[in-house]
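Hi,

Here is the structure I promised to pass on.

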Amino acid sequence: MSLPKPQVSAPPTAQAPDSARPLNFAEFSHAVSQSFVPLRVTAPAHRGFRGAIAAVERDGVHASIVEAGKHAVERTPELIARGDAPYFKLSVQLSGTGMLVQDGREALLSPGDIAIYSTERPYVLEFNREFSTLVLMFDHDALGIAPDTLSQMTAVCMRHDSALTRVITPFLTGLAANLDVLNGPAGTRLARAAVDLTTTLYAAELGSTASASPKAALTSSIMRYIDENLASTTLDPQSIAAANHVSVRYLHALFSEQGTTVSTWVRQRRLENCRRDLTAPEFADLPVAAIAARWGFIDAAHFSRAFKASFGCPPSELRRQVLDAA
């Protein structure tokens, strides 16, 4: 006997926390650029415009709820030229509709739909009536998917009634409805879960379209192999190339197309995992050197220098800041 097909229901309505006071157009325009990256905001009528932004940052994930009336947001080439660090942004439409345009594609977002876009290339977001949306912003390498590969999915609507989004959207909309939990003891795990679910969603989608881009599929497969073997101290270009049946030269060429090197990618993925463990309460009693060793760093001094260069402070200081705040 077959089970009945689950009914697709509308996502829960999320409101910006009470701390997000109503903003006029000038205040909202400033807050948008301060909360994300520099953006140009336009609206047909400034008088009477009201918007609100509530934001929380945890474990490298910047989560914001945006509520406003009719307006458009644009990331222009001039603003990109200022040299801000590149990020991916994930939008989850909570109410109303929005139109995302990037890389020659358009995505019309309805409640529960998801779309991703990059801050290093121009994009436009248009909202023709009152709306609310959850925006997650994270580093380009946070998902462990090659940025150029993930860019195949920018401005592609991941509909709320598809199989995976039926699982993932309720978590994200629930997070939006309770944004302050990211400031609590479970905040690190929840931020990590949001990133992991995003990775799952796009890795699955890219896998289903792999035949359209064999090189992109190979790059993603190699990056998955790297993530699965970060603890190995023998992980280097030679071993990675051999395990994935490509030449070392071709391996370097694949990563060069992503704007990085094999060694840089391995190091950054190790550092990201170390940062996660350092801020996780369950590893609070584990020495910093032991966490570094878990992810393939055998030289504690080298690890400390690399960590500070990447995240701006020594590993022990970051751990103290995060765990004390929790």
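Below is what I found, from the whole chain down to a few residues.

Just so you know what you're holding: this is a predicted model, so local features need pLDDT of at least 70 and side-chain atom pairs count only at pLDDT 80 or more, while totals for chains, interfaces and linings use all residues. Numbering runs from 1 along each chain as its sequence is written, and side-chain values use heavy atoms, with hydrogens and water left out.

**Overall**

The protein has 12 helices and 10 strands (DSSP runs numbered from the N terminus: H or I of at least four residues for helices, E of at least two for strands). Its radius of gyration is 21 Å, which agrees with the value near 20 Å that a compact globule of 326 residues would have (taken over C-alpha atoms; the rule is 2.2 Å times the number of residues to the power 0.38). Along the principal axes, the C-alpha atoms fill a box of roughly 60 × 55 × 50 Å.

Of the 326 residues, 48% count as buried (under 20% relative accessible area; exposed is over 50%, partly exposed in between, with a 1.4 Å probe and protein chains only). Among contacts with a separation of 6 or more, 73% are between residues 24 or more positions apart (contact: heavy atoms within 4.5 Å).

**The annotated stretch**

The unreviewed UniProt entry puts a "domain: HTH araC/xylS-type" annotation on residues 220–321; positions are in the numbering used here, feature names are shortened, and annotations may be inferred rather than shown by experiment. In the model that span is 68% helix and 0% strand, and its end C-alpha atoms lie 34 Å apart.

**Residues to look at**

D59 has phi near 55° and sits in the loop between β2 (51–58) and β3 (61–68). H245 has phi near 60°, in the loop between α7 (237–243) and α8 (248–257).

Which of the two is buried and which is exposed? D59 is buried, at 14% relative accessible area, whereas H245 is exposed, at 73%.

D59 also turns up in the surroundings of R276. That arginine is in helix α9 (residues 262–278) and is buried, with a relative accessible area of 16%. Leaving out residues up to four places away in sequence, R276 touches D59, A142, R192, V195 and D196.

Cheers
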